Amino acid sequence: MEVQIFGTKSCNESKKALRFFKERRVKTHFVDLKERAAATGELKRFAERFGAEALLDRQGKRFRERGLHVAHVPEAKILPLLVDDPMLLVTPLVRAGNQLTVGWDEAKWKQWITP
């Protein structure tokens, strides 16, 4: 099994996710969103499963910096916004094959690695 983790090196939840899989000797591929944005196709995959709204970090610093906390952001505009500015994503986004999670989800990850 190999998991792909989208996050940032400064995000505590992303660091915890990396540590979670490392402690269980699961191979990880980390994509630092500050260095390289997630592909549009990847974000669409998460949006189709959870809805684009679930990917938008409304509590994050970047959301407030861009003044989005006072604006109504329609669902149709969220995915293009996230492609444009990956710092608005809830992190970590974790993918193992067709299995996906948004944010910290230790219970789900344990299900993935339990034979």
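**Salt bridges and a helix pair**

Q: Which residues meet in the salt bridge at 3.0 Å, N to O?
A: The side chains of Asp-85 and Arg-66 meet there. A salt bridge puts a side-chain nitrogen of Lys or Arg within 4 Å of a carboxyl oxygen of Asp or Glu.

Q: Where do Asp-85 and Arg-66 lie?
A: Asp-85 is in the loop between helix H5 (75–84) and strand E3 (93–96), and Arg-66 is in the loop between helix H4 (61–65) and H5, so the pair ties together parts 19 residues apart in sequence. Helices (H or I, at least four residues) and strands (E, at least two) are DSSP runs, numbered from the N terminus.

Q: What kind of model is this?
A: This is a predicted model: local features need pLDDT of at least 70, side-chain atom pairs count only at pLDDT 80 or more, and totals for chains, interfaces and linings use all residues. Residues are numbered from 1 along each chain as its sequence is written, and side-chain values use heavy atoms, with hydrogens and water left out.

Q: Is Asp-85 buried or exposed?
A: Asp-85 counts as buried, at 7% relative accessibility. Arg-66 counts as partly exposed, at 37%. Buried means under 20% relative accessible area, exposed over 50%, partly exposed in between (1.4 Å probe, protein chains only).

Q: Which residues are linked in a network with that pair?
A: Lys-61, Arg-62, Glu-65, Arg-66 and Asp-85 are linked by salt bridges.

Q: How many salt bridges does the count come to?
A: The count is 11. One of them joins the side chains of Glu-35 and Lys-9, at 3.2 Å, N to O. Both Glu-35 and Lys-9 are exposed.

Q: What about Arg-45 and Glu-42?
A: Their side chains form a salt bridge at 3.8 Å, N to O. Both lie in helix H2, 3 residues apart, about one turn of the helix.

Q: New topic. How do the axes of H1 and H6 cross?
A: The axes of H1 (residues 12–23) and H6 (residues 106–113) come within 12 Å and cross at roughly 25 degrees. Axes are lines fitted to C-alpha atoms, for helices over the stretch in contact, and angles run from 0 to 180 degrees between N-to-C directions.

Q: Which residues make the contact?
A: From H1, Ala-17, Phe-20 and Phe-21. From H6, Glu-106, Trp-109, Lys-110, Trp-112 and Ile-113. Contact means heavy atoms within 4.5 Å.
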